[in-house]
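Thank you all for coming; I would like to take a few minutes to walk through one structure with you. Please have the sequence and the model open while I talk.

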Amino acid sequence: MIILASILVGAFVAWITFSVFFKDIGDFFGCWRLYFTPEIFNIFRGEWHDARWAHAKLLIYLGISIGSGFMTRFSLQRYFSGQT
């Protein structure tokens, strides 16, 4: 039950913060495209700065979303076990 609650919290936080980091779903997939494109190609295409920003946005977005799920799991586990 705790794992389900933490997954739901992580998904909810991801849903809420999506519009803060990305304009639309196309921008989200564009960031993934730049993330998986080798750096040398981004340099020659003139997209190096865009790729760096896409990496940062994805890292922060996923860190907040996944981190909130983990924090929920450990907080609920601690709460139900009686530790303070």
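Which Phe, Trp and Tyr residues form one aromatic cluster here? The residues of that cluster are Phe18, Phe21, Phe22, Phe28, Phe29, Trp32, Tyr35, Phe36 and Tyr61.

Before I go further, a word on the source: this is a predicted model, in which local features need pLDDT of at least 70 and side-chain atom pairs count only at pLDDT 80 or more, while totals for chains, interfaces and linings use all residues. Residues are numbered from 1 along each chain as its sequence is written, and side-chain values use heavy atoms, with hydrogens and water left out.

Let me start with the overall layout. The protein has four helices and zero strands, and from the N terminus on the order of elements is α-α-α-α; helices here are DSSP runs of H or I with at least four residues, strands are E runs of at least two, and both are numbered from the N terminus. The C-alpha trace spans about 55 × 20 × 15 Å along its principal axes. The radius of gyration is 17 Å, whereas a compact globule of 84 residues would be near 12 Å, where the radius is taken over C-alpha atoms and the globule rule is 2.2 Å times the number of residues to the power 0.38. Of the contacts with a separation of 6 or more, 60% are between residues 24 or more positions apart, a contact being heavy atoms within 4.5 Å.

Turning to burial, 29% of the 84 residues are buried, and by that I mean under 20% relative accessible area, with exposed being over 50% and partly exposed in between, using a 1.4 Å probe and protein chains only. The protein exposes about 6200 Å², of which carbon and sulfur atoms supply 73%; these areas come from the Shrake-Rupley method with a 1.4 Å probe, and for residues only the protein chains shown count as cover.

The largest nonpolar core has ten residues, namely Ala14, Phe21, Phe22, Phe28, Cys31, Leu34, Ala51, Ala54, Leu58 and Tyr61. Helix H1 (2–21), helix H2 (25–36) and helix H4 (48–81) each give two or more residues to this core, and H4 gives the largest share, four residues. The term covers buried Ala, Val, Leu, Ile, Met, Phe, Trp, Tyr and Cys residues joined through side-chain atoms within 4.5 Å. If we take leucine 58 and leave aside its neighbours within four places in sequence, leucine 58 is in contact with Phe22, Phe28, Cys31, Trp32 and Tyr35.

That brings me back to the aromatic rings, of which a search of the whole structure finds 16 pairs. Phenylalanine 22 and phenylalanine 28 make an edge-to-face pair, 5.1 Å centre to centre with 80 degrees between the planes, and both residues are buried. Rings of Phe, Tyr and Trp (its six-membered ring) count as a pair if their centres lie within 6.5 Å, and planes under 30 degrees apart are called stacked, over 60 edge-to-face, and the rest tilted.

What about the charged side chains: how many salt bridges does the structure hold? There are three, each being a side-chain nitrogen of Lys or Arg within 4 Å of a carboxyl oxygen of Asp or Glu. In one of them aspartate 27 meets lysine 57 at 3.3 Å, N to O, and this pair links helix H2 to helix H4 across 30 residues. Aspartate 27 is buried at 17% relative accessible area, and lysine 57 is buried as well, at 9%.

Arginine 33 forms another with glutamate 47, the closest N and O atoms being 3.7 Å apart. Because arginine 33 lies in helix H2 and glutamate 47 in the loop between helix H3 (39–45) and H4, the pair ties together parts that are 14 residues apart in sequence.

Glutamate 39 and arginine 52 also form a salt bridge, again with the closest N and O atoms 3.7 Å apart. Glutamate 39 is partly exposed at 26% relative accessible area, and arginine 52 is partly exposed at 41%.

Finally, threonine 72 is in helix H4 and counts as buried at 16% relative accessibility. Its contacts, beyond neighbours within four places in sequence, are Ala5, Ser6 and Val9.
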